[in-house]
Amino acid sequence: MKLVIAIVNNDDSAVVASALTKENFIVTKLSTTGGFLMVGNTTFLIGTEDKDIPRLKEIIAKYSRTRTHQAATTESFGRGFAEGALQTEVNVGGATVFVLSVDSMDKY
Ligand code: 2BA
């Protein structure tokens, strides 16, 4: 058994969640914030069997788009820089996916 932690863009989260549940994956959706851009994103927790991991990754990749994001980084916070200073352009996503091994899962 695996636990998948998938971080996706907020704009893709509804369609990713819908595609996963349609394919019978059980999903928990968390509202999260990226530490670099300090912009909201969505983290999915998905417990699933090892054999379903390739299909799960395929679905997440299919519905997660890469975007260019222009923003002040956290480097500028609290240092008195003018607005627009330390702006940076970064490619965000499609999705960042971690796959963890799970010792056991119980439901009571
Ligand atoms: P953020 O931390 O807000 O990062 C947004 C994007 O900024 C990243 O896109 C990456 O292109 C860039 N970036 C992040 N940290 C950077 C740094 N120290 N220097 C230069 N550029 C940096 P993604 O890699 O697609 O990541 C999107 C979001 O996924 C991240 O939002 C974070 O919430 C999460 N994430 C990505 N990799 C992670 C990791 N190794 N561990 C935990 N969370 C991760």
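Mentor: Helices here are DSSP runs of H or I with at least four residues, strands are runs of E with at least two, and both are numbered from the N terminus. This is a predicted model, where local features need pLDDT of at least 70, side-chain atom pairs count only at pLDDT 80 or more, and totals for chains, interfaces and linings use all residues. Residues are numbered from 1 along each chain as its sequence is written, and side-chain values use heavy atoms, without hydrogens or water.

Trainee: Got it. Where is Asn24, then?

Mentor: Look in the loop between α1 and β2, which covers 27-33.

Trainee: And what's its phi like, for Asn24?

Mentor: Phi of Asn24 is near 70°. That is a positive value, and Asn24 is not a glycine.

Trainee: New topic. Which is the peptide bond from Gly93 to Gly94, cis or trans?

Mentor: The Gly93 to Gly94 bond is cis. Its omega is near -10°.

Trainee: Which loop holds Gly94?

Mentor: Gly94 sits in the loop between β5 and β6, and β6 spans 95-101.

Trainee: Now the helices. At what angle do α1 and α2 cross?

Mentor: Roughly 150°, and their axes come within 9 Å. Helix α2 is residues 53-63. Axes are lines fitted to C-alpha atoms over the stretch in contact, with angles from 0 to 180 degrees between N-to-C directions.

Trainee: So what do we call that arrangement of α1 and α2?

Mentor: Roughly antiparallel, therefore. The cut-offs: under 35 degrees is roughly parallel, over 145 roughly antiparallel, 65 to 115 roughly perpendicular, the rest oblique.

Trainee: Which residues make the contact?

Mentor: From α1, they are Asp12, Val15, Val16, Ala19 and Leu20. From α2, they are Leu56, Ile59, Ile60 and Tyr63. Contact means heavy atoms within 4.5 Å.

Trainee: How many in that contact of α1 with α2 are nonpolar, polar or charged?

Mentor: Eight are nonpolar, none is polar and one is charged. Nonpolar covers Ala, Val, Leu, Ile, Met, Phe, Trp, Tyr, Cys and Pro; charged covers Asp, Glu, Lys and Arg; the others, Gly among them, are polar.
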